[in-house]
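Let's take a walk through this one, starting with the sheet and ending up at the ligand.

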Amino acid sequence: MKQFVVTGCSRGIGRATVEYLLAAGHQVHALSRNKDLQIPGATMHAVDLRSDDSIKAWARSMESSGSVIDALINNAGTLVNKPFVSMERSDFHDMADVNWAGTAMLTQAALPLFSKKAHILNISSMGGYQGASKFPGLSAYASSKGALSILTECLQAELGPKGLIFNALCLGAVQTDMLAEAFPGLQAPVQPATMAQYVAEFALHGHLLHAGQVIPVTLGDPE
Ligand SMILES: NC(=O)c1ccc[n+]([C@@H]2O[C@H](COP(=O)([O-])OP(=O)(O)OC[C@H]3O[C@@H](n4cnc5c(N)ncnc54)[C@H](OP(=O)(O)O)[C@@H]3O)[C@@H](O)[C@H]2O)c1
């Protein structure tokens, strides 16, 4: 049995990943901003990735309960689909704040809590994968995910020598509320439970064969 931390657990891929890990007998600390959220079997934490105070309070509560993290799945993310011509500075900041900087700050706060050879798995996007097809309306989202992908490589270089292992999965389209809200009517070829199983199993085993890698996970052509 391993101890997981999963962010973005209120719905979608994060929620399905928590449920998969719990069913497999692991301990899960499940994070989202929703204070009322309950997932039977998981330890719930209300954390807003935009707030350093919220992140620090979470890290203190993990430390005081003696928690040790074997794998952190940085799944939380936010997406606004908007033409570049109407993007405001705040749109870039909002998406960067959650998808990149907030994820980095949560990972930093977790550093004292990691077990030896812990796996930090960042959930990026095919939009943030260099050379993959890009789509109109996603300039802020995709570039924030690109930053997360590069962050993964940087942290492997900096913290890999201390034993931590960082990887990023660049997901293709999955049929979640995020996708439905951003692209009404679009049908994705993958359901959240299928992707959650892949993410959970990769978090468990992927670091035995991958370190510092940014990996496309798509049924489409990654070019
Ligand atoms: N669905 C796709 O097609 C697709 C494709 C490629 C990549 N991805 C990535 O996969 C991940 C999961 O996507 P999804 O489709 O499952 O998205 P989703 O249904 O919108 O879920 C996103 C989760 O992130 C949490 N979140 C958002 N803002 C947050 C904040 N400020 N602080 C803490 N948590 C926050 C939300 O929880 P609360 O609102 O309760 O806080 C929610 O649980 C995301 O990183 C997304 O970018 C998705």
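## The sheet and its surroundings

Seven strands make up an open sheet, with parallel pairing and the order E3-E2-E1-E4-E5-E6-E7. The edges belong to strand E3 (43-46) and strand E7 (213-217); each has a single partner strand, so one side of each is left without a neighbour in the sheet. On average, and ignoring direction, neighbouring strands of this sheet are turned by 20 degrees against each other. Keep in mind while you look around that this is a predicted model.

Strand E5 (residues 114-125) and strand E6 (residues 165-171) run parallel and are joined by 7 bridges. If you want a place to begin, pick His119, whose bridge partner in E6 is Ile165. Over at E1 and E2, the pairing is also in the parallel sense, with 5 bridges. There, Thr7 has Leu31 in E2 as its bridge partner. Strand E2 (residues 27-32) is mostly covered, with 5 of its 6 residues buried.

Helix H4 (residues 139-159) lies across E5, E6 and E7, and runs at about 160 degrees to E5. Helix H6 (residues 192-205) lies across strand E1 (3-7), strand E4 (69-74), E5, E6 and E7, running at about 150 degrees to E5.

Start with Leu204, which is found in helix H6. Its relative accessibility is 12%, and because the cut-off for buried is under 20%, Leu204 counts as buried. What does Leu204 touch, leaving aside its neighbours within four places in sequence? The contacts are Lys2, Phe4 and His26. Phe4 is 200 residues from Leu204 along the chain, yet their C-alpha atoms are separated by 9.3 Å.

Next comes Asn74, placed in strand E4. Is Asn74 buried or exposed? With a relative accessible area of 2%, Asn74 is buried. Its side chain makes a polar contact with the side chain of Thr107, at 3.0 Å. Setting aside neighbours within four places in sequence, the residues in contact with Asn74 include Thr7, Thr103, Leu106 and Thr107, and also Ile120, Leu121, Asn122 and Ile123.

## Around the ligand

How many residues surround the ligand? There are 29, and the closest are Ser10, Asn75, Tyr141, Val174 and Thr176.

| Residue | Atom on the protein | Atom on the ligand | Distance |
|---|---|---|---|
| Ser10 | N or O atom in the side chain | oxygen | 2.7 Å |
| Asn75 | backbone N or O atom | oxygen | 2.7 Å |
| Thr176 | polar side-chain atom | oxygen | 2.5 Å |

On its own the ligand has 880 Å² of accessible area, and the protein covers 93% of that. Which elements give two or more residues to the shell around the ligand? They are helix H1 (12-23), E5, H4 and helix H5 (177-182). E5 gives the most, with 3 residues. That brings us back to the sheet: E5 is the strand joined to E6 by 7 bridges, and H4 is the helix lying across E5, E6 and E7.

Terms used: Residues numbered from 1 in each chain as written. Predicted model: local features only at pLDDT ≥ 70, side-chain atom pairs only at ≥ 80, totals over all residues. Heavy atoms only, no water. Pairing = 2+ DSSP bridges. Helix = DSSP H or I, 4+ residues; strand = E, 2+ residues; numbered from the N terminus. Axes fitted to C-alpha atoms, helices over the stretch in contact; angles between N-to-C directions. Contact = heavy atoms within 4.5 Å. Buried < 20%, exposed > 50% of the residue type's maximum accessible area, 1.4 Å probe, protein only. Near = heavy atom within 4 Å. Polar contact = N/O pair within 3.5 Å; in protein donor to acceptor, adjacent residues only side chain to side chain. Areas by Shrake-Rupley, 256 points an atom, 1.4 Å probe, with all protein chains shown as cover.
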